[in-house]
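Grab a pencil and work through these exercises one at a time. Try each task yourself before you read its solution.

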Amino acid sequence: MLLLNIHVAIAKPLLQISSDHPVTVCPFVNTTLSPSTFTHRQCETKSLLEVDPQNRAMWLLLEFDKNAAWQKIEPPYAFFMFGKVASSAYLNNTLIGHNGQPSDSKNETPGKMDTSFYLPESLLLEKQNQLALLISSQHSMISLDYPIHYLGFGQFTYANRYVQQGSFFGLILFGAFTVGALYFLVLSFGHQKPSTARLFCALCIIAAAQLLFEMTRGLFAYNYPFHDIRLLAITALSFLFGHVALTYCAYTILQRRAIHWVYISVLVSVIAMLLLPGFDTKITAAILIPLIVSLNLILWAWFKTREPRLLQWFVVQLVITITIVVSVARFHELIHFIIIGLFLGYLFILEAKEAKKALQQQQQDQALIAKLESTLSQRSHAAKPQKLLLQSAGQQSYVSIPDIIYCQAAGDYVELFLKGNETKLYSGSLKQLEEKLPSFFLKVHRSYIVNLNEVITLKTNHGGANKGYQLQLSHDYASPVSRRLLSTVKDTLKQTNN
């Protein structure tokens, strides 16, 4: 992170030593830890921004006055150093502390990434204070353009309390991403599109992991080599988030051809991240490039289909992209994760609308299927004989099926009650008879089948042995209705009347 960018994350007032502040830089030419005379022939004056202790050891001399600006600071005073160094600090030739153990070899003991040195008031002068620093950075896995992020003075406290303002809100965001990941993980087991739920789950997990790595600097003090791991992890997670989001976009719009857009974005992003300087720039490119590819994909799809939802999607992602570009100097603070949270929320709403639309279409399809099945059933029954064969004592006779008002089981026979108060016997079980009758006959009781075309009303019978529900039929006939079948009877009667 750039030297000047750290200042915007400071939670309490600090007096920053400017990046162009002149310092005297001398090589570490002996093994004794004492302030250099700074008169060595290899000593030179540089700006603070030019100081690079990576894979070397050096002395720095800073001169400062205790001017009026110090009135903003309440004692006890401290000198703060944020950077990838081990260091020893001397105020006016007096040792005030060590952060690790600097060395010109791998024997160096790494220091904390962010540290503070107590400044005794008895050592402070009103004018021309000399702060001598022996610094080294021998355990770096990656080389940064600006390994020293910030130097300044302030009230003495733990150094990490001064960085990453808004850590509490960051923890709330982390909790939200974690809950989102669990929600989509559970949803993926019963979702109509499990792959979509898994992509959302992956996005939430990646966002939570990246936020956690981002907050580590403010949550606890760590040795500076871990900072390399932290930067690499944040970069990789940003790259993953951008391309998982692009994968969701591509497969939602294109499905089979989606892979072409994804691997093109991966190739461009990798090349850009290798060529661009500074991890802030790399991290920004890791998420910005897939967003731009996604924008082009959405715009291309919109020109082909003119779907309003695609135009809305394009506008939302365009606003996010512009916000990232405009706020690039502060992008890797909480604003990055607020944008991610809003983006995930929008994608979830978009997916919810699509799921609702698909459900409505499914319901319409099911209604159409039910209608077709009903039509086919009616045609099937229409093809059945309109007369029922009766056999009794070796004789055969036929009865017109529409003339049957209801059927009642009677032992090994079924009584058929016909129009004109006539009764016939069917030799067989009620179940066998039910299979031969058309769809306008309905079993309403374990012993009764009625002709729905002959139903007058469904009523409650309050007295007698047949207390309960019964169907009033034509020709003054009646049939009891089983409580178990009551809801089916009501629904069937309603559909028949419609």
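## Exercise 1: Two helices side by side

The axes of helix 6 (residues 279–305) and helix 7 (residues 308–326) come within 9 Å of each other and cross at roughly 155°. Keep in mind that this is a predicted model.

**Task.** Work out whether helix 6 and helix 7 are roughly parallel or roughly antiparallel, and say what kinds of residues make up their contact.

**Solution.** 
- Step 1: Start with the angle, which is roughly 155° for helix 6 and helix 7.
- Step 2: Angles over 145 degrees count as roughly antiparallel. Helix 6 and helix 7 are therefore roughly antiparallel to each other.
- Step 3: Look at the handedness: helix 6 passes helix 7 in a left-handed crossing.
- Step 4: Find the residues that meet. On the helix 6 side they include Leu-288, Leu-291, Ile-292, Leu-295 and Trp-302. On the helix 7 side, Leu-310, Trp-313, Phe-314 and Ile-324 are among them.
- Step 5: Sort the residues of this contact between helix 6 and helix 7, and you get 16 nonpolar, 5 polar and no charged.

## Exercise 2: Another partner for helix 7

**Task.** Helix 4 also packs against helix 7. Describe how the two are arranged and which residues meet.

**Solution.** 
- Step 1: The angle between helix 4 and helix 7 is about 165°, and their axes are 13 Å apart.
- Step 2: That angle makes helix 4 roughly antiparallel to helix 7.
- Step 3: The crossing of helix 4 and helix 7 is left-handed.
- Step 4: Tyr-248, Cys-249, Thr-252 and Ile-253 come from helix 4, and they meet Arg-309, Leu-310 and Trp-313 of helix 7.
- Step 5: The residues in this contact of helix 4 with helix 7 split into 5 nonpolar, 1 polar and 1 charged.
- Step 6: Cys-249 has a relative accessible area of 0%, so Cys-249 is buried.

## Exercise 3: A histidine and its neighbours

**Task.** Locate His-227, decide whether His-227 is buried or exposed, and list what His-227 touches.

**Solution.** 
- Step 1: His-227 sits in helix 4 (residues 225–253).
- Step 2: Its relative accessibility is 1%, so His-227 counts as buried. The cut-off for buried is under 20%.
- Step 3: Leave out residues up to four places away in sequence, and His-227 touches Lys-84, Met-113, Leu-144, His-149, Arg-217 and Tyr-222.

## Exercise 4: The sulfur link

**Task.** How many disulfides does the structure hold, and which parts of the chain does the link tie together?

**Solution.** 
- Step 1: The structure holds 1 disulfide.
- Step 2: The disulfide joins Cys-26 to Cys-43, with 1.9 Å from S to S.
- Step 3: The link of Cys-26 and Cys-43 has 120° about the S-S bond and is right-handed.
- Step 4: Cys-26 belongs to strand 2 (residues 22–27), while Cys-43 is in the loop between strand 2 and strand 3 (44–47), so the pair ties together parts that are 17 residues apart in sequence.
- Step 5: Cys-26 and Cys-43 are both buried.

Conventions. Residues are numbered from 1 along each chain as its sequence is written. This is a predicted model: local features need pLDDT of at least 70, side-chain atom pairs count only at pLDDT 80 or more; totals for chains, interfaces and linings use all residues. Side-chain values use heavy atoms; hydrogens and water are left out. Axes are lines fitted to C-alpha atoms, for helices over the stretch in contact, and angles run from 0 to 180 degrees between N-to-C directions. Helices (H or I, at least four residues) and strands (E, at least two) are DSSP runs, numbered from the N terminus. Angles under 35 degrees count as roughly parallel, over 145 as roughly antiparallel, 65 to 115 as roughly perpendicular and the rest as oblique. A crossing is left-handed if the near helix is turned anticlockwise from the far one by less than a right angle, and right-handed if clockwise. Contact means heavy atoms within 4.5 Å. Ala, Val, Leu, Ile, Met, Phe, Trp, Tyr, Cys and Pro count as nonpolar, Asp, Glu, Lys and Arg as charged, and the others, Gly among them, as polar. A disulfide is a pair of cysteine sulfur atoms within 2.5 Å. Buried means under 20% relative accessible area, exposed over 50%, partly exposed in between (1.4 Å probe, protein chains only).
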